[in-house]
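The following paragraphs lead the reader through a protein model step by step. Please keep the sequence and the three-dimensional view at hand while reading.

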Amino acid sequence: MRKMKFSIYRYNPETDSKPYYKDYEVELEDQDTKLLIALMKIKDFYDDSLSFRRSCREGVCGSDAINVNGRNGLACLMNLEELKQPVILRPIPGLPIIRDLIVDMTQFFNQYNSIKPYVIDDRPMPERERLQSPEDRQELNGVIECILCACCSTACPSFWWNPDKFLGPAALLHAYRFIADTRDQATSLRLDELNDPYRLFRCHTIMNCADVCPKHLNPTRAIGKIKELMVSRAV
C-alpha cells in the first residue's frame with residue numbers, strides 16, 4: 001500500500017464559473033501500476049463527479065489521452081512510479097473543454113475526415129483483392145498504427161493557433177498513409193488539396209508530435225515526405 005498525490009483540473013460548465021484544481025491523496029495497491037487505474041480509483045472511492053474518457057485500457061482506443069505534468073499521453077500506458085508528485089492532470093490542450101478532463105474532439109475529427117481517409121480507386125474490382133508487394137506494404141509501417149488519440153495534434157502550437165486551417169500532425173500522418181498506399185489512385189488530388197499555406201505548410205518541424213506519440217510514430221517524417229512529393233512534382 002502506498003499513497004500518491006494528484007492535482008486534477010476540474011470544470012463543469014453547468015455549475016462552475018471558472019476552472020480550478022482539486023487535490024487528492026490516493027491509496028494505491030502494489031499492483032496499481034498505471035495512471036488510468038489511479039483515475040478510476042479516484043472516481044470510484046474519492047469523487048464520483050470526476051469525468052474522463054477511457055475504454056480499452058490497453059493503449060489501443062486512444063480515448064484516455066490527457067496532459068500529465070505538462071506532457072500529453074495515454075493514462076493507461078503511463079507508469080505511476082515514473083510520475084513526479086503531485087501529479088498534475090489537465091485535459092489535452094487546444095480543444096474546447098466539455099467537462100474536467102474531457103475535450104470536444106469535433107475539430108480534430110473534422111480535420112481527419114477532410115483528408116478522405118480511405119482508399120480511392122475507381123478501377124474495376126479485381127476477382128479477389130488488390131495486391132501489394134511486401135516492399136509497398138512496408139512503406140505503410142509507422143503510419144497505419146495511429147490510433148487517433150490526438151496527443152500529437154494537441155501538442156502542436158500550429159494546431160493550437162489555427163485548428164480550423166492547419167490539419168495537424170495526426171490528419172497529415174493519415175494523409176501520407178493514403179498517398180503512400182499503392183492501391184490508392186488519387187495521389188494528385190490529395191496533393192492538390194494539401195497545397196495550401198495552412199493545411200500542410202504550417203508545420204514547422206518542432207517535433208512535439210513525435211515526442212508525445214504513445215505509439216512511437218513520427219508524423220513529422222510523414223509530413224516531410226509529403227513536402228518532398230510536392231517539390232518533386234513541381235520540378
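How many residue pairs are in polar contact between domain 1 and domain 2? In this predicted model, the count is four residue pairs, with both residues of each pair at pLDDT 80 or more. The residues that form the side of domain 1 touching domain 2 divide into eight nonpolar, five polar and one charged. On that side, strand β4, which covers residues 71–74, gives the most, with four residues.

The domain assignment of the protein gives domain 1 as residues 2–103 and domain 2 as residues 106–234. Their centres, taken over C-alpha atoms, are separated by 30 Å. Where the domains meet, 14 residues of domain 1 are in contact with twelve residues of domain 2.

The size of an interface is often given as the accessible area lost when the parts come together. Here domain 1 and domain 2 bury about 1100 Å² between them, and 62% of this lies on carbon and sulfur atoms. Within domain 1, the residues that lose the most area to domain 2 are Arg71, Asn72 and Leu95, which together account for 40% of what that side buries. The count of salt bridges between the two domains is one. Arg71 also forms a salt bridge with Asp211, in which the closest N and O atoms are 2.8 Å apart.

A view of the whole protein gives these details their setting. The secondary structure comes to eight helices and seven strands. Along its principal axes, the C-alpha trace spans about 60 × 40 × 30 Å. Of the 235 residues in the protein, 46% are buried. Among contacts between residues at least 6 apart in sequence, 63% join residues at least 24 apart.

How many of the eleven residues of α5 are buried? Eleven of the eleven are buried, so this helix is largely enclosed by the rest of the structure. Among them are Pro169, Leu172, His174, Tyr176, Arg177 and Phe178.

Which of the terms buried or partly exposed applies to Asn162? Its relative accessible area is 15%, and residues under 20% are classed as buried, so Asn162 counts as buried. Lys165, with a relative accessible area of 39%, is partly exposed. Leaving aside residues up to four places away in sequence, Asn162 touches Tyr198 and Arg202. Lys165 and Arg199 are 34 residues apart in sequence, yet their C-alpha atoms are 5.7 Å apart in space.

The last topic is the set of charged pairs. A search of the whole structure finds 13 salt bridges. One of them joins Arg10 and Asp47, whose closest N and O atoms are 2.9 Å apart. Arg10 lies in strand β1 (residues 2–10) and Asp47 in the loop between α1 (35–46) and β3 (65–68), so the pair ties together parts that are 37 residues apart in sequence. Both Arg10 and Asp47 are buried.

Further salt bridges involve other surroundings. The side chains of Asp121 and Arg130 meet in a salt bridge with an N to O distance of 3.0 Å. Asp121 is buried, with a relative accessible area of 15%, whereas Arg130 is partly exposed, with a relative accessible area of 22%. Arg190 forms a salt bridge with Asp184, the closest N and O atoms being 2.8 Å apart, and both of these residues are buried. Finally, salt bridges that share partners join Arg10, Lys22, Asp47 and Asp100 into one network.

How values were computed:
Residues are numbered from 1 along each chain as its sequence is written. This is a predicted model: local features need pLDDT of at least 70, side-chain atom pairs count only at pLDDT 80 or more; totals for chains, interfaces and linings use all residues. Side-chain values use heavy atoms; hydrogens and water are left out. Domain bounds come from an automatic or database domain assignment. Contact means heavy atoms within 4.5 Å. Buried area is the accessible area (1.4 Å probe) that two parts lose on being put together, summed over both. A salt bridge is a side-chain nitrogen of Lys or Arg within 4 Å of a carboxyl oxygen of Asp or Glu. A polar contact is a pair of N or O atoms within 3.5 Å; within protein, one must be able to donate a hydrogen and the other to accept it, and residues adjacent in sequence count only if both atoms are side-chain atoms. Helices (H or I, at least four residues) and strands (E, at least two) are DSSP runs, numbered from the N terminus. Ala, Val, Leu, Ile, Met, Phe, Trp, Tyr, Cys and Pro count as nonpolar, Asp, Glu, Lys and Arg as charged, and the others, Gly among them, as polar. Buried means under 20% relative accessible area, exposed over 50%, partly exposed in between (1.4 Å probe, protein chains only).
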